[in-house]
Number of protein chains: 4
Amino acid sequence: MTGTKSMTATKSMTATKSTAMQTAVLGVSGYAGAELARLLLHHPRLHGTAPVFFGRESANDESIALTDLHPQLADNNGSGHGSGSLRVEPFRWAALRERDIDVVFLATPHEQSRAWVPDLLSHGVRVIDLSGAWRLQQPENRAVYKFEDTDATIAATTQQQAVYGMPELHRAAIKGAKIVANPGCYSTAAILGLAPLVRSGWADLNRGIICDAKSGVSGAGKAPTAKTHFMYAADNLSAYSVFGHRHTGEILEQLDLAPQQMTFTPHLLPIPRGILATIYVTLREPMQASAIAECYRSFYKDSPLVRFHGERLPQIQHVVRTNFCDIGFALAADKQRLIVVSCLDNLLKGAAGQAVQNMNLLFGWPEQEGLL
Amino acid sequence: MTGTKSMTATKSMTATKSTAMQTAVLGVSGYAGAELARLLLHHPRLHGTAPVFFGRESANDESIALTDLHPQLADNNGSGHGSGSLRVEPFRWAALRERDIDVVFLATPHEQSRAWVPDLLSHGVRVIDLSGAWRLQQPENRAVYKFEDTDATIAATTQQQAVYGMPELHRAAIKGAKIVANPGCYSTAAILGLAPLVRSGWADLNRGIICDAKSGVSGAGKAPTAKTHFMYAADNLSAYSVFGHRHTGEILEQLDLAPQQMTFTPHLLPIPRGILATIYVTLREPMQASAIAECYRSFYKDSPLVRFHGERLPQIQHVVRTNFCDIGFALAADKQRLIVVSCLDNLLKGAAGQAVQNMNLLFGWPEQEGLL
Amino acid sequence: MTGTKSMTATKSMTATKSTAMQTAVLGVSGYAGAELARLLLHHPRLHGTAPVFFGRESANDESIALTDLHPQLADNNGSGHGSGSLRVEPFRWAALRERDIDVVFLATPHEQSRAWVPDLLSHGVRVIDLSGAWRLQQPENRAVYKFEDTDATIAATTQQQAVYGMPELHRAAIKGAKIVANPGCYSTAAILGLAPLVRSGWADLNRGIICDAKSGVSGAGKAPTAKTHFMYAADNLSAYSVFGHRHTGEILEQLDLAPQQMTFTPHLLPIPRGILATIYVTLREPMQASAIAECYRSFYKDSPLVRFHGERLPQIQHVVRTNFCDIGFALAADKQRLIVVSCLDNLLKGAAGQAVQNMNLLFGWPEQEGLL
Amino acid sequence: MTGTKSMTATKSMTATKSTAMQTAVLGVSGYAGAELARLLLHHPRLHGTAPVFFGRESANDESIALTDLHPQLADNNGSGHGSGSLRVEPFRWAALRERDIDVVFLATPHEQSRAWVPDLLSHGVRVIDLSGAWRLQQPENRAVYKFEDTDATIAATTQQQAVYGMPELHRAAIKGAKIVANPGCYSTAAILGLAPLVRSGWADLNRGIICDAKSGVSGAGKAPTAKTHFMYAADNLSAYSVFGHRHTGEILEQLDLAPQQMTFTPHLLPIPRGILATIYVTLREPMQASAIAECYRSFYKDSPLVRFHGERLPQIQHVVRTNFCDIGFALAADKQRLIVVSCLDNLLKGAAGQAVQNMNLLFGWPEQEGLL
C-alpha cells in the first residue's frame, strides 16, 4: 500500500498493509481520550507505532506534550523515550496523508464528529467515533442532539454507512465498516444486559422494561460545572435526565423496542468511574433460572469481553479499569419477575476500551487484543 | 404522678405528669443510638433532663462516659457540664422505677427488642423500638427475622399492641400507643413515596411497582464486616438482598400490597448516610402531572417533616442531617409511566429522628419539635 | 433606638436596643453563606427576626427564594412559614437604614469586602467580614491579595479599626469592634493549635515551626474549576500554594513570628469539609507531657469552643458540623519533639460559626450561643 | 536444571535454567497478594507459566479458585482458560520441589514470614518477603515487631542474608540475594524522597527531618476493624502511630539517621490507595533550586521507576495503579527550607510492584519489565 489512499484502499487495509497500522486520536484531552491514548500506547499489535494525537490544546500551531495533558501517562523522566516525548499536534487535514493514517478515533464533541466524519471518510481513513453523532438511525431518536447538518444528503448517506460499534451484536458488520459509531456508556450496559432476553422473546414487553442506571462522575465529562463539582457529587446521589436521556434511543433501536416499552433512569454516583444498571423485566411466563442462565451463556459464548456470572450479581469494583461487561441476574420466587444487573467501566467498555475492541475487529485482530 | 407507675399510669402520662418527661435509651453505642442521644440532649422540651443511657459497653457494673463512645457529642472539656459528664450505665430493671422513666427507646438488636419489650411494658414504661422486632403484623412477613418467642401468647398480645410508628400514616394511633414500632429506613422512604398514590387507587398494581433503593453505609451498622470495609464500599456500588430484604414486608403491609406487586431492590452506596428510592409506577390511566402533584400535596399537608417538591426531583445531599423525607416525581410523555423519587437520612427520618417524632406524638408535643 | 443610626449609635447597641437585633448577610450563595444563614435562622437570640439576605443572584432588581439557592434550608412546603418564604434581595444602600440593620456579615469576595467596608461603616452598621480583606495589619503580608484601594487614607484608617476575630485571643477587643475581620479557616486551626505554646515561650522558634495542613474541598469555594472537579479531588491528595498561601500572614501576625520561623503547607483532601493541621514544634528544652497539657488547659479554660484532648489526637469526623476546634498533642521520647494536632470544620469554626461567635460577643451574648 | 535444587542451584538460576522461571505466592488473599497475582499473571517473561498460589483459604486440603478470592482477576467465563481456572492450593513443603519453584513471594503476616523463611531457604528457593520480618538489621529497630525466634542463631544468620529490596539503593545486592526484604510502603516513599539529599550531605540533620505522610486505607489491610470501617475512614482524616510507626526503623537504617533526626507521622486518608509524603528538610546552607534538581536527577538517572518532576509537586492520582514513585520539591525564598513531596501507590511501588521489580533483578531482567 502506498501513501495515496482512496476510498477503495480503506476496504482492503487488513489484507495488504505490510507496515504497522497507524492510528490517530482527535480530542485526546478528555477522560476517554486519556484512556484511549493509554490503551493504544500499550497495544501489542501497535508496538513501535504510537498514535498521532491531535487536539485543540495545541493552540497557535504549536504542539504540547501529551504528558502535560495527562501526567499519569509519563514514563520516568530520565529515559527520554516512551510517552514522555509524545506530542499533541494541531489538527491539519494534510497530516492524515502525510502520516499515513489508517484509522482516526474521534473523542470529540457530538457536533464536531457530526461535522467532520464525511470529510474524514473522503480522505480515505476509517473512523471510530466515540461521540453520539452517528449512533442513531431513526431521526426521531437523533432529534435529541439537535444536529444541524449543512448537507442533509451527505449526512444521510454517511449515516447509512455507520455501524453501531457493539461487537457482541454486530461483529461481522464492524469488520467491514468505514464508520464505527462507538456506543454510549449507559447504552452498552443496558443493551448487553438485555439483548439475550429480548432477542429470545421471553421478556413481556407490554409490561415494560425498567433500567435504573447509576454512573460515576467521569461520565459527565471533564468540563468543570456545578454538577461535577466535588461538593455536589460527593456524599450524594441524584437522578437526572429522567425520561429524556440521550442514550435511550440507542437502547430502543438496538433492542427494537417502542418508547413506552423502556424506562431508562440515570443517576449520578459519587465515584470516579463505573456504571451499574439494575434492569427489571417481567417474563412472559414463569421460567427456571437455569434456562435464563443458559440463554445468556449461549448468547455470549464467543464474546471474550462479557463475563456472565449467573445468579451472582456483579458490582462496580470488579469491572473498574477492565474492559469487561459483567452480567448477573436474580429471579423472584414467582419465577416471572427478573432482575438483571449489568456493569462496566464507563471509560473502557463504555468508551475507549470498546473503541479499541472495534479497532481490533477492523484490523482483523482478536477483539480482546490489548484489553486484558 | 408518683414513682409508682402502672399500666394505667402510662396511658395518662401526657395529661398529668408535672415534671419533665424522663427518657431512657438502651443500646446507645450504634449510629442510630448516637443520633438519638444527640437529638434528645438538644430537645427543647427535655431541657435539663438528660436521657438515662443504658448500654452493654458499661461492663462489670461500671458506667462509662457517653463521650468515650461518641466523642463528637462532647462539650468543651473546660466547662465540666453538658454531655461531657453523661454516663452510660449497665442496665438494671430496678433503674426504670428508680429513675422514674416514662419512655424507653430501644436501639438494640432485633432479637433483644423482641425478648425485652413485654417485660418493659409490665414495668409501666412506654417503648419506642427502633429494631424490626414489632413492625410486622403478618407472621409470613415476620418469618424473615426467625424470632423464637419463649411465650407465643404474650408475644401475640404484645404484637397486637404495637403501632407502626410512621406519623404520616398513623398519627392518632401513635399518640396512645404503648409500643411504637419505629419503621425501617428503606421502608420509610418507600412507603412515604408511595402512600398517596396507592391510597388514591391510581397505581396499576397489576403492572407491579418497582422500588430501586440506594443506601449509605451507616445502614449496614457499626460492626466491622467485609462489606462495611472501606475498600469494599468505596468507589463501588452493589445490589444486595435482592427479592429478600427484611424491609419488604413493611412496605407490603403498610400499602396493603401482595408480594408479587412490589419489587424492592436495595443497593449499597459509597456514602456515609442517606437513602434515595427511585420508584416506578404505572398509572391505571393517563393523568396530568398537576393531578399527581395535588394528590401528594393534599396527603402531606399536615405533615411538617415531608417536603414535596412536585416535578423537581430531590437528592440525598439536601436531606442528610435533616429529619425530612423529600419527595418529587416525573411523568413520562405517555402520562402513564410515573417515577417517584423519595429520599431521607437513614439515621434520622429513617431511624432516630422518626423515633423522636414518635416521642413527640406520645407526649402530645408538636411532632417536629426538636427536629428542625 | 430609632431608625437613624450614626457611628455613635453603633457603639451603644448592646446596651440600648430594645427590639431584637437585625442582621444582614451579603453574599449568601456560597458554602459559608449557607452555613451562616442556617446558624442565624436557628439562633435562639434572633428568634423571630430572620436576617436580611442580599445577593447578586437576585438579578434585575428581583429577589429570589433563599431555598432556591440552598434547598437544604427549606421547611416543609405545606406550612408556608419558616425559611421557605425567605428571599434574597438585590443589595441597596438605603435598605440598611430601612431595615434597621445592626450588623452586616460579608461573605463576599476579598476585593468586594475591601471596597465596601468603609461605606458600610459610614452607614452606621457594624461589619463582620468573612473574607481576607481586613485581617492583615502588615502591608507586606497583605500584598498577596493585591488590593487596589481607591483611597489609601480611608483604607488605612479602616484597617486600624479592624479587629482580628478570634475570640480566644481577642475577646475583649471584639466586643467593641466596628469591623471584625473573621479569620481564615487554616489560620484558625494553626493559631489555636500554637498560641498556648508560642505565648509560653517554650517553642524553639529558631528551629522553625511546621504546619502541615489538610483541608476539605469546600475550602476551595463554590466556583467550578479544574481543581474542584470531582475527578480531580476524589481519590487524590495534593499539596498546593506551598510557601505562598494567603493564610500564612495571619499566622505570622497573630503569633508574632518571622517568616522563616513558620512553614505552612496546605493540602487538598478528598472530603467535603474539615481541616486537620499537624503541627511540628521543637521545645527549647525537654518537658513533661503534663506541663504541656496544663499549658493548653489553662489557656483555653474560658473558651467554650475549644476542646483540648490532651494526649489523645483529634480527628476530622468529630469536629465536622460542629463549631469546635479540637486540639491534642504527642510528645516524643526525647521530650523535645512535639506534635500538635488541631482540627475544625472549615465552614463553621473556620468561617460562619466563628462569625456568629463574634456576633455573640458584639451583642454581649455568651459566645457559644446558637453554636452547640 | 533438574528438579533437585540446592542452595548452590539458587545462585546460578539466572544463568542456566532453560525453562521459564516458576514463581509461587504465599498469602494471595490480601490486597498486595491480589496485585502480585495480577502482575505475575501478565508478566511478559512469565508468559505461559502461571504462579503457584498457596493460601490458607484453601482449607481441608482442598484448593479454591483464585477468582473466588479476587473476582476482578477473572477472564470471561466462556473461554475456560486464563486466570478463571487458577487455583489456590493448601501449602505443602513438598510442593516446592514438585512444582520446581524458583522464587517464593511471601505476602504473609510478619510472624509467619519470620518463622518460615529459614526453612524456605533450606529448600533451595529464593524468597521475596513483602512483610516486615527481615527488613531491619538493628535489633532495637526490630523490637517493635516483638518477634520470638525459636532459634536465635538461625534467625541471626538468616537476617544477615536479607537484602533490603529497594532497587534504587541496592540494585547490585538484590541481584544475588537469597532473601529480598521488600520495603514498607511508607518507607519507600520517605527513603526515595530523601536519599539523594541525605546522601549528598546537604540536609542539616541536626535541625531534624519531618516526614508527614498520608496513606489510603488499603495500607491498613483487609481485616475488617473499627478503623477500616467505611464510617470511620470516609470523610475523615486522622494521625496514628505517632512517634511509633513500624516503618520508622527502615527509614533510619537506610538513611543512616539517629532516631531524633527523623519525625515520621502517618495519617489515614479516605481513599482506597496511594501514599503522599510531605517531607521537610532544612539545608545546611542556602542553595539554588537548580542544584537540588540536578542532585535528584543524577541520583535517579538509571532508575526507570522513579519520576522526578523538579519543582512541580506530584499528587496521588498520577501514581495510583502505576509502579512509579513520583518526586518533586519546593524551595522557600530563604533557599534553605525545602519541601520534598514523594508519592506512590502503596500496593504497587509500595508492595507488590516493588516485589516484582526485585524479582526482575533476581532473574537478570530489566527492572521495569511487566511494570509499565
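**From single residues to the interface**

In this predicted model, B:P314 sits in the loop that links β13 (306–308) to β14 (325–331) of chain B. Although B:P314 belongs to a loop, it counts as buried because 24 C-beta neighbours lie inside 10 Å, where 20 or more are required. Setting aside the neighbours within four places in sequence, the contacts of B:P314 are B:H309, B:V319, B:D326, B:I327, B:G328, B:V341 and B:C343.

B:K335, in the loop between β14 and β15 (337–344) of chain B, has a phi near 60°, which is a positive value in a residue other than glycine. Its surroundings hold 15 C-beta neighbours inside 10 Å, and B:K335 therefore counts as partly exposed. In chain C, the loop between α5 (93–98) and β5 contains C:D100, which is not a glycine either and yet has a positive phi of about 55°. C:D100 has 18 C-beta neighbours inside 10 Å, so this residue, too, counts as partly exposed.

Helix α10 (residues 185–200) of chain A packs against helix α13 (residues 289–299) of chain A at an angle of about 110°, and the two axes are 9 Å apart. Because of that angle, α10(A) is roughly perpendicular to α13(A). The residues that meet are A:A195, A:P196, A:L197 and A:S200 on the side of α10(A), and A:C295, A:Y296 and A:F299 on the side of α13(A). Sorted by class, this contact of α10(A) with α13(A) has six nonpolar residues, one polar residue and no charged residues.

Strands of a sheet pair through backbone hydrogen bonds, and they do so either parallel or antiparallel. In chain C, eight strands make up an open sheet with mixed pairing, and their order is β3-β4-β2-β1-β5-β6-β8-β7. Its edge strands are β3 (64–65) and β7 (162–164) of chain C, each of which pairs on one side only. Within the sheet, strand β1 (residues 23–26) of chain C pairs with strand β2 (residues 52–54) of chain C in the parallel sense over three bridges, and C:V25 stands opposite C:F53 in β2(C).

Helix α6 (residues 110–122) of chain C lies across β5 (103–106), β6 (126–129) and β8 (179–181) of chain C, and runs at about 160° to β6(C). Helix α14 (residues 348–362) of chain C also packs on the sheet and touches β5, β6 and β8 of chain C, with a direction that makes about 155° with that of β6(C).

Another strand of chain C to follow is β11 (residues 262–268), in which seven of the seven residues are buried, so that this strand is largely enclosed by the rest of the structure. C:M262, C:F264, C:P266 and C:L268 point one way from β11(C), while C:T263, C:T265 and C:H267 point the other way, and all are buried. Strand β9 (residues 209–215) of chain C pairs with β11(C) in the parallel sense over seven bridges, with C:S215 standing opposite C:L268. Strand β10 (residues 238–239) of chain C, on the other hand, runs antiparallel to β11(C) and is joined to it by two bridges; here C:S238 stands opposite C:L268.

What remains is the meeting of chain C with chain D. Here 35 residues of chain D are in contact with 35 residues of chain C. On the chain D side, β9 (209–215), β10 (238–239), β11 (262–268), β12 (275–282) and β15 (337–344) each supply at least two residues, and the largest share, four residues, comes from β12(D). By class, this side of chain D has 19 nonpolar, ten polar and six charged residues.

How values were computed
Residues numbered from 1 in each chain as written. Chains lettered and ligands numbered in written order. Predicted model: local features only at pLDDT ≥ 70, side-chain atom pairs only at ≥ 80, totals over all residues. Contact = placed C-beta atoms within 7 Å. Nonpolar A, V, L, I, M, F, W, Y, C, P; charged D, E, K, R; others polar. Axes fitted to C-alpha atoms, helices over the stretch in contact; angles between N-to-C directions. Parallel < 35°, antiparallel > 145°, perpendicular 65-115°, else oblique. Pairing = 2+ DSSP bridges. Buried ≥ 20, exposed ≤ 12 C-beta atoms within 10 Å, placed from the backbone.
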